[in-house]
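These are my notebook entries on a structure I went through element by element. I kept them in the order in which I looked things up.

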Amino acid sequence: MTGQEGLAVFTILIFAGATAYFIARMLPILRVLRKARATDRLDNWPSRLGFMLGQVFGHKRLLQKRLSGILHFFIFSGFVILFIDIVASIGQVFVPGLKLDAALAFIVDLWVALVLVGIILAVYQRAIIRPERYHGSDEKDGYVILGMIGVIMVGIMLHESFYPFAAHYWYHLQVRLDPWEFLGYTLGHLWLQTGMASTPVIAEAGYITGYVLDIGMVFAFLAYLPTSKHLHIFLAVPSIFLHKTRPAGELVPPLTEDAGMAIRTFQDMNWKDVLDVFTCTECGRCQAVCPAHAAGQPLSPKMVILELRDALRQELAGAEPRALAGDVVSAEELWACTTCGACQEACPVFIEHVPKIAGLRAALLEDGEIDKNSQKVLVAWDRQGNSFGQPLRRRPNWTKGLDVAIKDARKEPVDWLWFVGDFASYDPRLQELSRLVARLLQRAGLDFGILYEGESNAGNEALRLGEYGLFESLAQKNLKWLNEAQYRQIFTTDPHSLNALRNEYRKLGFDKPVKHYTQVFVDLIDQGRLSPAPLGVRVTYHDPCYLGRWNRIFDAPRQLLEKMGVELVEMPRHGPNSFCCGAGGGRIWMEEDGIKERPADNRIKEAASLEDVGYFVVACPKDMSMFSAAVQSTGNDGRMKVVDVAELLAQAVGLTVPDAELAIK
Amino acid sequence: MRIAVLLKSVPDLIEDIPIDEESGEILYDEMSYIPSEWDDQALEEALLIKEESGAEVTAITVDTGESDTMLFTALAKGADHGVKLVGDFDPSLPNRQRAHIFSQYLGPQSFDLVLSGVQAIDDIDGQIPGLVAGILGWPHASVVTEVRAHDNRVIFRQEYAGGLVAEIKVSTPAVIGVQAARKPPRYASIAKVRQIAKSSQLEEVEMSIQEVPSLEILRFYKPIASGHAEMIDGDVDEAVDRIIEILQEHNLMRG
């Protein structure tokens with residue numbers, strides 16, 4: 001056997017071996033995917049494809065962290081570009097004399113250099129910067145992978161630079177150093193100067209070593225992937241293609257008769273959920289933005305995914321399956337989630353953390369395990385239809401004290417139906433605000449009504465606590481009147497209700513347009529029905545999770561502020577990157593055990609760091625409660641005031657604001 | 001060990017109790033009903049005993065309307081059987097009669113332990129556990145916590161005045177009025193209750209009303225307040241001013 005034949009046999013063997021091993025490790029994963037629940041992720045594929053290309057080649061999410069994004073782009077693009085090298089290097093063995101043209105040769109070398117820069121930056125990031133988001137990730141795995149990629153780069157440079165000298169003996173070819181292969185060219189000259197090039201043994205050894213380090217490591221890498229976070233090089237792109245295209249705010253898809261919401265085993269997940277756990281890159285971007293994690297609670301969205309992944313790997317290795325809810329992922333982790341969705345917004349490979357957490361919560365709940373305060377709230381929703389445990393008949397009590405009574409949409413047709421929500425109806429401090437909204441709408445001459453006792457809690461939080469049955473029964477109570485009353489469209493003052501009505505009621509057949517009151521106010525101003533005079537104050541605005549992130553309503557509140565002559569100073573975390581107040585997902589009712597810094601306090605400190613901003617504007621009743629308390633607990637009472645956007649508008653259109661304290665000076 | 005848990009529903013006090021002003025009678029039909037919270041504690045304690053040392057738990061109620069959900073909820077939480085004692089009963093059924101109905105059913109059955117809530121918000125003529133024990137002639141203890149079953153002996157605790165706690169043993173069968181379970185009662189999710197309601201059957205047993213010595217309620221009424229508290233509104237400064245004013249009015253200020 002000649003040397004060339006030997007190399008060919010080596011290549012075939014390692015290719016076959018690595019591929020077979022890879023497939024053998026991937027098949028069990030595939031089998032789990034096939035046993036998992038269905039989810040349609042192949043609909044509307046042209047738009048999925050376009051979206052995927054933007055994320056993959058534009059690195060849209062990855063570049064939100066500049067250094068990571070750039071270094072990842074170097075390494076990632078290397079994987080794509082250097083495929084040319086793999087083809088060429090193997091090709092040379094089987095088709096002696098095969099040669100890349102100058103442009104391709106240059107590109108290969110350029111990318112080898114870029115990948116090396118990427119590796120150096122990656123090591124710098126891991127070893128020197130050490131971001132907290134890596135805490136809990138398998139750092140060794142990270143270094144092993146960087147090392148393997150580094151070895152491949154060294155291999156490419158070695159065999160490329162020795163090839164012209166070895167080719168003479170090995171393939172009986174005359175090959176010259178090509179200046180377009182600038183790395184090979186430079187190193188080749190080094191070999192010439194040191195005399196290594198002219199020693200046949202060294203030249204051949206250099207070429208073979210380079211080839212083995214390059215091609216050998218490429219296949220070793222393939223074999224290493226199935227047990228590494230680096231599996232994402234195969235799964236990330238499909239995962240982005242398969243991203244959720246149903247409304248973002250829809251937590252639970254329509255359920256079939258026999259499939260509940262609870263996730264007890266991997267078969268209770270849909271196949272994309274299972275794919276997610278293997279797609280995770282352990283980058284920790286979710287962990288870095290998680291309000292529960294920032295508050296010092298035991299939750300990290302990344303660790304939830306990794307715990308599930310490791311449990312599944314153990315199951316595949318033959319271990320007895322463990323309970324996913326409460327054991328693999330602890331109850332403390334699960335109940336700490338605010339369902340704010342920041343993790344999903346940050347995830348570069350579009351993992352859906354929140355539905356998994358909610359499904360696991362549902363399993364805990366089925367076993368009767370839930371925080372006792374939340375349990376009281378669930379019972380109150382079931383019995384009275386509101387979280388306050390107040391009689392249903394007192395729901396419209398807030399309307400007392402209005403000069404003009406609000407229409408009862410159950411009894412007469414209205415243009416707009418206002419879905420008020422629990423907090424705005426029952427919380428004494430927020431009732432005043434509800435009356436103010438009513439007066440503004442009356443001032444604008446809007447034809448609107450409410451459902452009075454016909455309204456119950458929308459069920460958004462019940463669902464997020466994992467109580468699908470309760471969500472359904474609350475929804476049915478509301479739908480009785482939502483379907484019977486005559487109105488053109490709905491608006492809500494509460495983003496949580498908005499989310500349920502817009503996204504969760506669809507599966508129950510409800511499809512009326514649902515808007516937020518800020519959108520209604522913007523329209524009323526545009527139509528000239530409200531004419532705000534400029535207020536001339538500097539404010540910052542907090543995007544509620546269920547308005548912004550989950551329903552993408554970012555502009556209306558900002559337009560409204562602009563129309564009122566308010567100067568908006570954005571907090572560093574705004575828009576889709578807004579930071580949760582800590583109230584969502586039922587957290588508002590739970591014990592604050594183990595919280596080092598409340599998310600709302602963290603947020604108010606962020607706002608307080610802005611210069612000359614005296615007002616913290618909110619557009620969600622729960623935010624009003626959370627942040628008013630946070631302003632006090634962080635000692636910012638004198639400096640910052642929490643106001644609802646409606647209070648500013650009332651001031652701007654010259655309505656008397658009942659509580660003198662609300663007045664803006 | 002076979003444990004019977006006696007359940008009843010009581011008016012939900014979140015709503016005002018409707019009274020017919022003229023007759024002074026409670027309008028039972030106009031109220032909504034919820035499981036008595038002490039009965040919930042008794043059920044939880046029974047389920048804890050079941051988990052701890054094994055037992056068969058039967059939830060039993062006298063059907064005064066809407067008792068199905070209560071029994072299905074008990075099954076969803078982990079009870080093994082649900083028994084509905086049916087007859088011409090309504091929510092105004094006196095406890096003494098209720099106790100006779102329970103006893104009539106329990107007598108021929110071979111339960112080892114009967115648990116029920118120590119009281120309910122509408123006990124007018126006595127508490128169920130004591131009445132049942134008296135009728136059956138079984139041992140009884142009330143205001144009990146930490147019930148544990150060992151073979152055919154039941155051990156529990158009772159608090160006494162002067163900071164004493166008694167550990168008490170009773171041989172079965174016995175009736176115990178539970179004050180509080182060791183853990184807060186568990187939650188039964190709506191979906192699970194619905195699923196149980198679809199998949200399991202309640203046992204219905206026809207019972208008759210027995211004449212018992214009874215009380216006559218002349219009227220229910222809301223007492224007229226003889227005095228009332230003043231709620232101080234306003235911000236801190238205003239509240240402080242008002243408190244000082246009140247203290248001065250009552251000559252309670254010095255200096």
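Which residues of helix H9 (residues 232-241) of chain A are buried? I found Leu235(A), Ala236(A), Ser239(A) and Ile240(A) to be buried, where buried means that 20 or more other C-beta atoms, placed from the backbone, lie within 10 Å of the residue's own, while exposed means 12 or fewer and partly exposed anything in between. Looking down the axis of H9(A), I noted that its buried residues fall within an arc of 130°, so they line one face of the helix; the arc is that of the directions from the helix axis to the C-beta atoms. These buried residues pack against helix H2 (45-58) and helix H10 (271-279) of chain A.

Conventions. I am working with a predicted model, in which local features need pLDDT of at least 70 and side-chain atom pairs count only at pLDDT 80 or more, whereas totals for chains, interfaces and linings use all residues. Residues are numbered from 1 along each chain as its sequence is written, and chains are lettered from A and ligands numbered from 1 in the order in which they are written.

Chain A overall. I counted 27 helices and 9 strands in chain A, taking both as DSSP runs numbered from the N terminus (helices H or I, at least four residues; strands E, at least two). Buried residues make up 49% of its 665 residues, and its C-alpha atoms fill a box of roughly 100 × 55 × 45 Å along the principal axes. Of the contacts in chain A with a separation of 6 or more, 80% are between residues 24 or more positions apart, a contact being two residues whose C-beta atoms, placed from the backbone, lie within 7 Å.

Domains of chain A. The domain assignment, which is automatic or from a database, gives domain 1 (3-34 + 44-240), domain 2 (253-366) and domain 3 (374-662).

Sheet in chain A. I traced an open sheet of 4 strands in the order S7-S6-S8-S9 (chain A), with parallel pairing; two strands pair if DSSP finds at least two bridges between them. Strand S7 (567-568) and strand S9 (641-644) of chain A stand at the edges, each with a single partner strand, so one side of each is left without a neighbour in the sheet. Strand S6 (residues 538-541) and strand S8 (residues 615-618) of chain A run parallel and are joined by 3 bridges, and I noted that Thr540(A) has Phe616(A) as its bridge partner in S8(A).

Sheet in chain B. Here I followed an open sheet of 9 strands with mixed pairing, in the order S11-S10-S9-S12-S8-S1-S6-S7-S13 (chain B). Its edges are strand S11 (164-171) and strand S13 (203-206) of chain B, each with a single partner strand, so one side of each is left without a neighbour in the sheet. Strand S9 (residues 140-150) and strand S12 (residues 174-180) of chain B pair in the parallel sense over 4 bridges, with Val144(B) opposite Val178(B) in S12(B).
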